[in-house]
Amino acid sequence: MEVTANGFPKAGNHALVKGLQLLGVNCSVQHIPFADGVPEDRPHVFIRRDPRNIVCSWLTHMGKPVTQGMFIAHLHKFEVAPFAEELTAFAGWLDDARTIHVRYEDLVYNAQGLKDLAGKLGVPYLDDAYPNLPGMTVSWQKKHANWAEIWGPPVEHAWNSIGGPRLLERWGY
Amino acid sequence: MEILVRMVNRSDKTDDSKYGDCIAARPDGFPWTQAERTNPAWSLFRSNLTQAEVDALLQPLIDAGSLKLIYRRKLTVDVNGLGLAPNPTSGAIPDIPAEDIRAVTSEKPLP
């Protein structure tokens, strides 16, 4: 089976792809905004993650310290545009009925996420899949991003000013 | 997937090719060159690792700020721990289960 594995950058795309491959499903990492559409001849799996941890993970990925100032700066300019604007380009997938949705937190913290994903794809869950999910991907970090470690009044203020609470509600956090 | 791995350090330079670096990966049955099959600095093995894992084995470590190469490969495979012999590979390329590779693969410590 071949699927389109999609997600916003740093939402857990590499973990998703490895998880799918451990289930015997072929795919590669894709970052496809809703407006671009996806192939209709195969299932589309979309991963989402707490948007605050996406920003933290992006900082680590870019070799920058995860600090309050860095977090605030990257809310205003993420890769090429404000974070909320870039993330919102993917939000349409959240309502797409053809799309299979996966939460990063469900995928990496216990086996049930991968079991549920196998069920939705109609492939058998393989009992060595989840135990082999951690590590050995191009972006795996030993420590998961944790926004709470840098949260405080200045970050909260900046988060609120970019509409962060609405983002969390939209993305289910 | 068939994987070419380095069995000895090429030099003492930190950013040069090192023991345990996976150099290349190709589909099963790939026509490896004579050098890739016979140079004792390398060895070949076949494994059922996922493509995501193979991609990770081939990933360099680059300083995100300066974009300078730190290591040619971020991960190292302790091939001695696999009992893998240097080239020339006698007969067929050995099959090594993915779980054995995972068990001897680790991130290199930062210099």
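A nonpolar core is a set of buried Ala, Val, Leu, Ile, Met, Phe, Trp, Tyr and Cys residues joined through C-beta atoms within 7 Å. I took a residue as buried if 20 or more other C-beta atoms lie within 10 Å of its own, exposed if 12 or fewer, and partly exposed in between, with C-beta atoms placed from the backbone.

The model is predicted, so local features need pLDDT of at least 70 and side-chain atom pairs count only at pLDDT 80 or more, while totals for chains, interfaces and linings use all residues. Residues are numbered from 1 along each chain as its sequence is written, and chains are lettered from A in the order in which they are written.

**Core.** I looked up the largest nonpolar core and found 60 residues. Those with the most contacts inside it are Leu16(A), Leu20(A), Val55(A) and Val5(B). Contact here means C-beta atoms, placed from the backbone, within 7 Å. Beyond four places in sequence, Leu16(A) contacts Ala5(A), Gly7(A), Val45(A), Ile47(A), Val102(A) and Leu107(A).

**Ile72(A).** I found this residue in helix H3 (residues 68-76) of chain A; helices are DSSP runs of H or I, at least four residues, numbered from the N terminus. Ile72(A) counts as partly exposed because it has 18 C-beta neighbours inside 10 Å. Leaving aside neighbours within four places in sequence, Ile72(A) touches Pro154(A), Val155(A) and Ala158(A).

**Interface.** I noted 12 residues of chain B in contact with 11 of chain A. On the chain B side, helix H2 (residues 51-57) gives the largest share, 5 residues.

**Chain B.** I noted that buried residues make up 25% of its 111 residues. The C-alpha trace spans about 45 × 30 × 25 Å along its principal axes.

Methods:
Two residues are in contact if their C-beta atoms, placed from the backbone, lie within 7 Å. Helices (H or I, at least four residues) and strands (E, at least two) are DSSP runs, numbered from the N terminus.
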